[in-house]
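Have the viewer open and follow along.

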Amino acid sequence: MNVINKTIELGDGRTITIETGKLAKQADGSAMVRMGNTVLLATVCAAKDAVPGTDFMPLQVDYKEKFSAFGRFPGGFTRREGKASDYEVLTSRLVDRVLRPLFPDNYHAEVFVNIILFSADGEDIPDALAGLAASSALAVSDIPFNGPISEVRVGRVNGELIVNPTYKQLESADIDIMVGATIDNIMMVEGEMSEVQEHEMLEAIKFAHEAIKEHCRVQMELTEAVGKTVKREYNHEENDEDLRKDVRDKCYDKAYAIAVSGTDKHARAEAFEAIITEYKTAFTEEELETKAPMIDRYYHDVEKEAMRRAILDEGKRLDGRKTTDIRPIWIETDFVPGPHGAAVFTRGETQSLTTVTLGTKSDEKIVDDVLVHGKERFLLHYNFPPFSTGEAKAQRAVGRREIGHGNLAHRALKRMLPENYPYVVRVISDILESNGSSSMATVCAGTLALMDAGVQIKKPVSGIAMGLISENKGKNYAILSDILGDEDHLGDMDFKVTGTKDGITATQMDIKVDGLSYEILENALAQAKEGRLHILGKITDAMPEPRPDLKPHAPRIETITIGKEFIGAIIGPGGKIVQGIQEKTGATISIDEVDGVGIVEVSATNKESIDAAMRAIRLIVAVPEVGEVYEGKIASVMPYGAFVEFMPGKDGLLHISEIDWKRLETVEDAGLQEGDTILVKLMDIDPKTGKFKLSRRALLPKPDGYQDERPQRRPAPQHGDRDRGDRRGDFKKRDRDR
């Protein structure tokens, strides 16, 4: 067993170790990565040959966390790990987006990368190690790969940039980004920020890249140590250079004419398709059986070249815009009446109908991942149905792309929600048309729908997707604002930036070429800011500020803070009291203990129900005050008076002498009986026993010429006048008189 270890020093006393040769030796490559007590195993396996007809990179990256890694049992009846969580899907995407562009263009064998979390300490965040683990497994394999790569998370805490911060450090970070790169080039950036400036984000990316360079150098040493510098041979494409030249000679000029014509998406697609259809008519059916895949591949390259040359040489984009132009925008709020907020945002041929639903504590999302478990009060769901691009196919379950796009929009908006907002908020973006940057349309429509719902967001947020066309390793380039779908597919960069008027809130960038300089990145950020602010202006023109109030049918929520000793009193035995309040008022009540105090949330669709429920709760938690008047219910009648429940769970004695100004022989003489509701005044609270003395008489007008017919109390004896026994005798006599 040839076990090889390499160590990466992080510079703050922490280390990362990479080990290979001990585990999963039958895989094409495997590596174990450890930082502290966080341990991941990555394996990679590739098919020997490509599936016939495959003309893309069939890569599958799966990140999986074992609950045993943190000493936990999975939930559910089966008590075993099931489908991937959103967090696992997002981590898989982070790794996939860096690896995929670095496989050779003509390599089409199926490649499977599996990353498994086997140990965790709850401090270090494992997704920051997943890219390093996957690349290390590729580095010790013979699979062709133009790496190595690594990924790191960078957080800024109190103005200081930190590589791979802990969960606790990240809680107070105003920058949280994940960066993936080779030793030479940035490949991927994704993260969220608290309205930071462009130069601050660029500084964080550069900081991350310096750490990644060391990761890559160590992996190169690892490749040398295991002797995998020579990769396997493969032949996954059949090519005919004469045919390639013929396709270009006969199709390029026609494709270029369409590229500069400025037509819309579907007309342009039909025109491009007509060119290749006409070209294929020169071949017999027998010839096309073998040549059609090559013709399609070569024609794709022709389209790509025509689009890129039109931009670089003439500054003309596929839809006729200049590089900095934003497509026309139209907006409509309060679009459908049922949701609590709704807006349509349309930019060119991309359209989002976004709705907002406001809920109560019972609507919180329960998060039960291996290392992250709690509740989520802000949800954003993104849906991308096939009809949005004119495809005739059924809509299936939510895919990885939808989870990723929804997460980006969620990050863009979440820091703009009001602090301690009592509502659970669900934003749903349904993409009805798509031709580029539907995730950014979701951010814009989400902002509008939140404001339409009366959510008092701190500031409106807009988003824009930027593209890049470059050649000669970035010496000649054009940055494109508000890219089309084809510009994303055929271009070199997809760079999404969201933010308010004061700074960036989220970003996502994927680079598809080598040689992206920081100068290009800086220029792209500056151009993105101009476009983002232009779109933000359209949003604020349509809706300058949130509606002052919620829609009439939205739930109303009020909260009250109580001492934790009152929680049980409100709930009552078996929930009897709280259920009774809910049934009587029609309100929904939730109670939670936070930081040693009780938080009571009362919600209903009308204020009357909330007010009634709040009155009932305040009565339970209120402290009785001498001199206050209460509405009470006679709980029981005794010969000497009645016991009145004047507050929930609190009753006092209404002595027969305190019922009326006139002398009564029985309680019933005053027309009172058990179950009656009366007003009483709290006259006294016994400091020793805590018993309450009530009076009804004190609330009644005193009759004219009234003379008190009750026996008068004797004055209390002065100290020393009598011995203790005599005083006790006086007290007993006084009790008999009463």
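## A walk through the model

Asn164 sits in the loop that runs between strand S8 (160-163) and helix H3 (167-171). The phi of Asn164 is near 50°, a positive value in a residue other than glycine. Is Asn164 buried or exposed? Its relative accessibility is 3%, so Asn164 counts as buried.

With a relative accessible area of 40%, Asp334 is partly exposed.

Why point these out? Most residues other than glycine have a negative phi, and most peptide bonds are trans. You will find Pro148 in the loop between helix H2 (127-139) and strand S7 (150-157).

**Accessibility of selected residues**

| Residue | Relative accessible area | Class |
|---|---|---|
| Asn164 | 3% | buried |
| Asp334 | 40% | partly exposed |
| Thr91 | 1% | buried |
| Ser481 | 1% | buried |
| Gly572 | 13% | buried |

Thr91 belongs to helix H1 (residues 86-99). Leaving aside residues up to four places away in sequence, Thr91 touches Tyr63, Asp127 and Ala130. Ser481 belongs to strand S19 (residues 476-481). Which residues does Ser481 touch, not counting those up to four places away in sequence? Among them are Arg317, Arg321, Asp325, Ile464, Met466 and Gln527.

Gly572 lies in the loop between helix H12 (567-571) and helix H13 (576-585). A relative accessible area of 13% is under the 20% cut-off, so Gly572 is buried.

## The chain as a whole

Stepping back, the chain has 15 helices and 29 strands. Its radius of gyration is 36 Å, well over the 27 Å that the globule rule gives for 738 residues, so the chain is more spread out than a compact globule. The C-alpha trace spans about 125 × 60 × 45 Å along its principal axes.

How much of the chain is buried? Buried residues account for 50% of the 738 residues. Of the contacts with a separation of 6 or more, 70% come from residues 24 or more positions apart. The accessible surface is about 35,700 Å², and carbon and sulfur atoms contribute 49% of it. As for charge, there are 97 positive and 122 negative side chains, with the centres of the two sets 7 Å apart.

## Where to read with care

The average pLDDT of the chain is 91, and 96% of the residues score at least 70. Over residues 719-738, however, the pLDDT is below 50. That stretch has ten contacts in the model beyond near neighbours in sequence. Where pLDDT is low, the predicted coordinates should not be read in detail.

Key: Residues numbered from 1 in each chain as written. Predicted model: local features only at pLDDT ≥ 70, side-chain atom pairs only at ≥ 80, totals over all residues. Heavy atoms only, no water. Helix = DSSP H or I, 4+ residues; strand = E, 2+ residues; numbered from the N terminus. Rg over C-alpha atoms; globule rule 2.2 N^0.38 Å. Buried < 20%, exposed > 50% of the residue type's maximum accessible area, 1.4 Å probe, protein only. Contact = heavy atoms within 4.5 Å. Areas by Shrake-Rupley, 256 points an atom, 1.4 Å probe, with all protein chains shown as cover. Lys, Arg positive; Asp, Glu negative; His and termini not counted. Charge placed at Lys NZ, Arg CZ, Asp CG, Glu CD. pLDDT = per-residue confidence, 0-100.
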